[in-house]
Amino acid sequence: TDAFGWADIPGALGGVAQAGIKSTGRDDLIVLVARGATAAVTTRSTAAAAPCIWSRARVPSHTQAVVINAGNANASTGLQGMEDTRHMASEVARHIGCTADEVLVCSTGVIGVPLPMNRVTQGIAEACRSWGASSDRLARAILTTDLVPKTAAAMGAGARIAGFAKGSGMIHPDMATMLAFLVTDAQIEANALQGLLENITACTFNAVTVDGDMSTNDTVIMQSTGKGPSIVAGTPEWDTFTHAVTAVCRELSRAIARDGEGAQHLITVEIAGLETDEAAREAARAVCRSPLVKTAIAGRDANWGRIVGALGAVFVPGLDCMDLDVAGVPVLRNGTPLAFDEEAASNALAADEVVIRIRLPGSGWGEAWGCDFTEGYIRINADYRS
């Protein structure tokens with residue numbers, strides 16, 4: 001549900017500014033204040049940007065704020081990038097009255113370009129004078145090539161959880177050129193929050209792939225304000241709370257896949273089977289990642305052999321007894337091809353969301369989300385800097 005948003009969580013404040021980092025003159029500098037336990041998950045790329053290195057060194061802990069800029073990734077920027085990250089944290093700390101170590105930093109945009117720090121510094125000052133930004137304005141300020149803002153919210157065990165995210169290309173999480181910001185009013189211990197976020201990220205944000213390219217900057221941060229109920233690990237309330245956070249992250253993940261650069265279709269792959277949930281999830285993502293599967297769906301071609309090929313390429317066992325349905329059309333049962341109406345299947349592939357269901361031996365369960373490949377993806381990325 002989106003009945004409320006990030007800015008509606010008790011104890012959460014957001015400020016936004018136009019710092020001139022994006023070339024479009026839109027909002028591009030955000031400060032999020034939520035003084036409490038904080039967790040984060042960042043990219044595993046060895047080219048991780050300076051803000052990722054800074055932020056992951058400071059969680060789990062109690063923090064005060066997150067500062068985000070859009071339009072410049074501050075990645076592959078050397079020692080200056082680290083110094084600029086520290087400066088961003090220090091400036092926010094100066095304005096809100098805390099230490100730099102209590103401020104996390106995120107950046108997204110073009111790689112290999114130094115931040116325009118004079119404009120960034122001015123933007124931080126403006127954002128810290130403009131508390132009360134709406135959830136929609138916060139969600140729009142972090143967008144780069146995205147077409148739409150992405151927000152989600154839910155209630156769990158009496159606690160509120162809300163989030164917003166960006167991501168459209170260079171999406172193959174662990175995680176992606178994806179940023180996501182979650183906040184809850186729950187009273188929760190920082191280490192427990194970190195474990196919860198890592199587990200949920202594995203089956204939501206890390207189950208998304210747009211183009212198979214891992215980013216230098218992907219980050220998910222969850223802050224708590226402590227203004228709501230106490231949530232303790234190992235209790236029924238914890239399970240309910242976990243379910244609600246998962247629902248928020250799942251909705252944001254699907255929104256990222258749906259808004260993939262140039263995309264016309266959301267692709268959902270569900271796999272029942274294999275030995276573990278993790279194996280099923282990785283197999284599902286392999287199907288979503290396949291350029292041949294993605295282009296077949298773009299062309300409304302029910303060429304299910306491409307799905308089998310994608311699974312075989314990552315050594316998925318049991319394909320000789322697989323059941324497969326593409327957009328609701330059964331095409332394979334117990335490894336044996338079925339006759340089907342090609343025209344009806346093509347018409348089914350015109351749906352906004354194309355669901356691929358796979359059944360294999362085993363008790364695992366996994367799902368992944370992606371999108372089709374179109375000429376639009378090529379145009380967007382060929383012209384990204386020009």
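Strands β10 (residues 323-326) and β13 (residues 353-359) run antiparallel and are joined by four bridges; strands here are DSSP E runs of at least two residues, and helices H or I runs of at least four, numbered from the N terminus. Within this pair, Asp323 has Arg359 of β13 as its bridge partner. The model is predicted, so local features need pLDDT of at least 70 and side-chain atom pairs pLDDT 80 or more, while totals for chains, interfaces and linings use all residues. Residues are numbered from 1 along each chain as its sequence is written, and side-chain values use heavy atoms, without hydrogens and water.

An open sheet of six strands has the order β12-β11-β10-β13-β9-β14, with mixed pairing; two strands count as paired if DSSP finds at least two bridges between them. Its edge strands, β12 and β14 (365-371), each pair on one side only.

Strand β6 (residues 159-166) is largely enclosed by the rest of the structure, because seven of its eight residues are buried (under 20% relative accessible area; exposed is over 50% and partly exposed in between, with a 1.4 Å probe and protein chains only). Strand β5 (residues 150-156) pairs with β6 in the antiparallel sense over seven bridges, with Gly156 opposite Ala159 of β6. The hairpin of β5 and β6 has two residues between the strands, and Ala157 there takes a positive phi near 55°. β6 also pairs with strand β7 (residues 179-184), antiparallel over six bridges, and Ala162 stands opposite Val183 in β7.

Asp341 lies in the loop between β12 (336-337) and α10 (342-348). Asp341 counts as partly exposed because its relative accessibility is 48%.
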